Amino acid sequence: ADTVSASEPPARRARWTGRSSTPSAGFKESIMEQKLKIAVFIDFDNIEIGVKSTLHREFDVAAVLDALKERGEIVTKFAYANWGRQESATRALSEHAVQMVQRDPSPRGDKNGADINLALDALEMAFTHDHINAYAIVSGDSDFIALVNKLKQYDKRIFVVGGRAFTSTILQKNCHEFVAYESVMDDRPRASGHQPKEQQQQAPP
């Protein structure tokens, strides 16, 4: 979009902005969306287990990325997991250019290492990439509340993507927008769901 300096004369500003000097709410929203540059950080172990245990389906990374694309431009994508146990998921992530970061389990077998790596990488990006002004945390883990609050202090817009049933309430309430995984799936085209029925109808008895 064309930009106008505040020092421009009112007449010139009027020519740039069109007939009305008070843009509509929809126009403002579209400008905001154009300016959002989103970095996506996926706590894959958490989201994959949460979706499988509460919704009884496989995590669909394409659905999440499509939902975020409606809110801005995705400029980078990372996913953190012990990929040796997630071989079936790596193809889908690779197809969507998601960079997979290996999480090595700690001696105690917990996943704090992945949480720390994700948080450190997100903060480093906030320090070194000023043009990235929005962050999407795909996880339901309340441990990320410190990261969310810190990124907000740096004037970043925060999206949290997760299931309503397994995403921490404190995460849902403290981000700028909580994107419910259930809603993301409801918005997906259902053509693929009808295909098997059509095939069954066409199949000979």
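This is a predicted model: local features need pLDDT of at least 70, side-chain atom pairs count only at pLDDT 80 or more; totals for chains, interfaces and linings use all residues.

User: Why does His-56 count as exposed?

Analyst: Its relative accessibility is 66%. The cut-off for exposed is over 50%, so His-56 makes it into that class.

User: And what makes the phi of His-56 worth a look?

Analyst: The phi of His-56 is positive, about 60°, although this residue is not a glycine. Most residues other than glycine have a negative phi. Ala-97 also has a positive phi of about 60° without being a glycine. You'll find Ala-97 in the loop between α5 (87-95) and β3 (99-102).

User: Moving on to the sheet: which strands stand at its edges, and why?

Analyst: The sheet is open, and its six strands come in the order β3-β2-β1-β4-β5-β6, with parallel pairing. β3 and β6 (177-180) each have a single partner strand, so one side of each has no neighbour in the sheet, and that puts them at the edges. On average, neighbouring strands here are turned by 20° against each other, ignoring direction.

User: How do you know that β4 and β5 are paired?

Analyst: Pairing needs at least two bridges. Strand β4 (residues 134-138) and strand β5 (residues 157-162) are joined by five, so they qualify, and they run parallel.

User: What makes the rings of Phe-41 and Tyr-135 a stacked pair?

Analyst: The structure holds seven aromatic pairs, and this is one of them. The ring centres of Phe-41 and Tyr-135 are 6.2 Å apart, and pairing asks for centres within 6.5 Å. Their planes are at 15°, and stacked means under 30 degrees, so the pair is stacked. Phe-41 belongs to strand β1 (residues 37-43) and Tyr-135 to strand β4, 94 residues apart.

User: Then why is the pair of Phe-44 and Trp-83 called tilted?

Analyst: Look at the angle: the planes of Phe-44 and Trp-83 are 45° apart, with 5.2 Å from centre to centre. Stacked is under 30 degrees and edge-to-face over 60, with tilted for the rest, so 45° makes this pair tilted. Phe-44 lies in helix α3 and Trp-83 in the loop between β2 (73-81) and α5, so the pair ties together parts 39 residues apart in sequence.

User: How do you know whether Phe-44 and Trp-83 are buried or exposed?

Analyst: Buried means under 20% relative accessible area. Phe-44 has 3%, so it is buried. Trp-83 has 9%, so it counts as buried too.

User: What about Tyr-181, is it buried or exposed?

Analyst: Tyr-181, in helix α9 (residues 181-186), has 0% relative accessibility, so it counts as buried. Leaving aside neighbours within four places in sequence, Tyr-181 touches residues including Val-51, Leu-55, Phe-59 and Gly-162. Val-51 is 130 residues away from Tyr-181 in sequence, but their C-alpha atoms are 8.3 Å apart.

User: And how much of the whole protein is buried?

Analyst: Buried residues make up 38% of its 205 residues. The protein exposes about 12,300 Å², and carbon and sulfur atoms supply 50% of that.

How values were computed
Residues are numbered from 1 along each chain as its sequence is written. Side-chain values use heavy atoms; hydrogens and water are left out. Buried means under 20% relative accessible area, exposed over 50%, partly exposed in between (1.4 Å probe, protein chains only). Helices (H or I, at least four residues) and strands (E, at least two) are DSSP runs, numbered from the N terminus. Axes are lines fitted to C-alpha atoms, for helices over the stretch in contact, and angles run from 0 to 180 degrees between N-to-C directions. Rings of Phe, Tyr and Trp (its six-membered ring) pair if their centres lie within 6.5 Å; planes under 30 degrees apart count as stacked, over 60 as edge-to-face and the rest as tilted. Accessible areas come from the Shrake-Rupley method with a 1.4 Å probe; for residues, only the protein chains shown count as cover. Contact means heavy atoms within 4.5 Å.
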